[in-house]
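Here is a colleague's note for someone meeting this structure for the first time. Please read the points with the model open beside you.

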Amino acid sequence: MFELKSLVRPNILTLEPYRCARDDFKTGILLDANENTHGPALKDVSSEEETLELNRYPDPHQVDLKEQIINIRNERPNKFLKEFNQDKLTPENLCLGVGSDESIDLLLRCVCVPGKDKLLICPPTYGMYSICATVNDVAITEVPLKYPSFQIDLDGIINKVTNDSSIKLVYLTSPGNPTGKLLKVSDVIQLLESAASKWNGLIVVDEAYIDFTESGADASSESMSTLVNQYPNLVVLQTLSKSFGLAGIRLGITYANPDLSKYLNAMKYPYNISSLTSNVALRATSADSGLKVMSKYVSSIISERSFLINELQKIDGVGRNIGGLDSNFVLIEILNKDKKPSNEIAKALYNKLAVSNEVVVRFRGNEPNCTGALRISVGTAEENKILLEKLQKCLQEVYKESS
């Protein structure tokens with residue numbers, strides 16, 4: 001039976017969060033935080049930089065930014081949400097991190113005892129789950145995605161977690177990376193409900209690419225973020241890196257029930273979100289400007305994605321799109337002369353594109369059920385045109401060289 005207090009590590013349950021200088025007073029002559037009151041050591045300071053007061057520590061709570069983020073998701077709640085007014089998101093549901101990677105690590109440290117507990121992943125999947133687990137001395141167990149659907153093996157996961165109480169976390173990616181496939185929300189709901197009655201652990205759904213699903217502007221209706229109050233064993237991760245085009249500011253979002261979110265916020269470093277990051281994020285998530293630009297770019301990427309996959313599959317030697325069409329990338333097979341997926345040919349093509357032609361894609365052939373696969377991000381119309389021309393040329397050269 002799910003019970004958060006017996007899941008969270010005892011040292012985290014009793015953790016008192018660091019009390020920041022700005023928790024008490026934010027205005028006046030501030031001489032309490034050992035800041036440099038002369039200002040930033042910059043020869044020229046713009047008016048915007050002056051407003052940000054870069055010599056002062058940033059807001060540790062970021063309530064205004066959290067409000068804007070939850071407004072985006074509350075506007076299109078998930079269809080499985082039963083009581084919107086009762087369970088809608090509030091700032092207390094959020095913990096902000098330095099990209100999703102900080103959130104992934106934070107959850108591991110919150111509930112997994114090093115050298116004792118385990119994390120379950122469903123390959124092929126995002127590589128940072130395994131890296132964070134290894135760093136934290138948390139063992140990894142696997143239940144691969146079903147092939148060729150790349151959907152979760154519901155029975156396999158339930159069997160694993162109910163027979164091994166040391167598994168404390170299940171990490172799922174939806175849409176998947178490198179699969180580009182949105183998981184069936186109904187399957188994840190079934191997993192949440194079945195697991196809660198038999199197993200004490202968290203189901204973490206990483207939604208880095210959620211805004212690129214087929215529904216486009218309505219993609220947030222596919223997001224499970226609005227379900228975290230309804231399902232206390234659910235955690236949802238998102239980021240501003242993908243659809244918002246802000247990989248450089250490193251802002252990740254963790255949605256969780258308020259009790260779990262309280263522990264995560266107590267664990268995080270107090271000033272992990274810089275004033276610069278916060279300023280850009282506030283502008284990007286504003287309803288009257290940033291969201292319109294994001295929606296425009298997402299629509300363009302979805303349109304270009306359809307064009308790209310259609311044109312790629314006209315090229316001799318390019319096989320199936322083995323992934324989905326729910327992300328800002330495609331996962332295609334590269335074939336040998338016998339029309340079979342080939343890691344050798346795919347890797348040679350990947351190297352020739354990058355080294356001689358300055359077009360960089362990602363080789364994913366070593367992932368389970370991804371033999372011969374290249375993951376290709378959807379670029380601008382001009383970038384996609386160049387990619388198609390050079391990929392066709394380089395593939396023929398690779399065939400000749402392999403003869």
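Predicted model: local features only at pLDDT ≥ 70, side-chain atom pairs only at ≥ 80, totals over all residues.

1. **A buried alanine.** Start with A266. The residue is buried, with a relative accessible area of 14%. The cut-off for buried is under 20%, so 14% qualifies. A266 sits in helix α10, which covers residues 258-267.

2. Now take E50 and A348. They are 298 residues apart along the chain, and 51 Å separates their C-alpha atoms. E50 belongs to helix α3. Is E50 buried or exposed? It is exposed, at a relative accessible area of 54%. The cut-off for exposed is over 50%, so E50 passes.

3. **Salt bridges, and one that spans the sequence.** How many salt bridges does the structure hold? The count is 12. One of them joins R283 to E48, with 3.3 Å from N to O. R283 is in helix α11 (residues 275-284) and E48 is in helix α3 (residues 47-52), so this contact ties together parts that lie 235 residues apart in sequence. E48 is partly exposed, with a relative accessible area of 39%.

4. D211 pairs with R73. Their closest N and O atoms are 3.2 Å apart. This pair also links distant parts of the chain, 138 residues apart. D211 lies in the loop between β5 (202-206) and β6 (234-239), while R73 lies in helix α4. Are the two residues buried or exposed? D211 is buried, and R73 is buried as well.

5. E311 and K314 meet through their side chains at 2.9 Å, N to O. E311 is partly exposed, at 24% relative accessible area. K314 counts as exposed, at 62% relative accessibility. Elsewhere, K352, K393, E397 and E401 form one network, joined by salt bridges that share partners.

6. **A negative patch.** Which residues form the negative surface patch? They are D59, D64, E67 and E92. Look at E67 in particular. It lies in helix α4, residues 63-74. E67 is partly exposed, with a relative accessible area of 34%.

7. **Cysteines without partners.** How many disulfides does the structure hold? There are zero. C20 is in no disulfide: the nearest cysteine sulfur belongs to C95 and is 13 Å away. A disulfide needs sulfur atoms within 2.5 Å, so 13 Å rules one out for C20. C20 counts as buried, at 3% relative accessibility. C132 is in no disulfide either, with the sulfur of C112 the nearest at 11 Å. C132 is buried too, at a relative accessible area of 6%.

8. Y147 and P148 are joined by a cis peptide bond, with omega at about 10°. P148 is in the loop between β3 (139-142) and α8 (154-163). A cis bond also joins N177 and P178, where omega is about 20°. P178 is placed in the loop between β4 (167-173) and α9 (185-198). Check both prolines in the view.

9. E53 has a phi near 50°, a positive value in a residue other than glycine. Where is E53? It lies in the loop between α3 and α4. E53 is partly exposed, with a relative accessible area of 47%. D137 is another such case, with phi near 60°. D137 sits in the loop between α7 (128-135) and β3. D137 is partly exposed, at 48% relative accessible area.

Notes:
Residues numbered from 1 in each chain as written. Heavy atoms only, no water. Patch = residues over 30% accessible without salt bridge, like charges linked within 9 Å, V, L, I, M, F, W, Y side chains within 5 Å. Areas by Shrake-Rupley, 256 points an atom, 1.4 Å probe, with all protein chains shown as cover. Salt bridge = Lys/Arg side-chain N within 4 Å of Asp/Glu carboxyl O. Lys, Arg positive; Asp, Glu negative; His and termini not counted. Charge placed at Lys NZ, Arg CZ, Asp CG, Glu CD. Helix = DSSP H or I, 4+ residues; strand = E, 2+ residues; numbered from the N terminus. Buried < 20%, exposed > 50% of the residue type's maximum accessible area, 1.4 Å probe, protein only.
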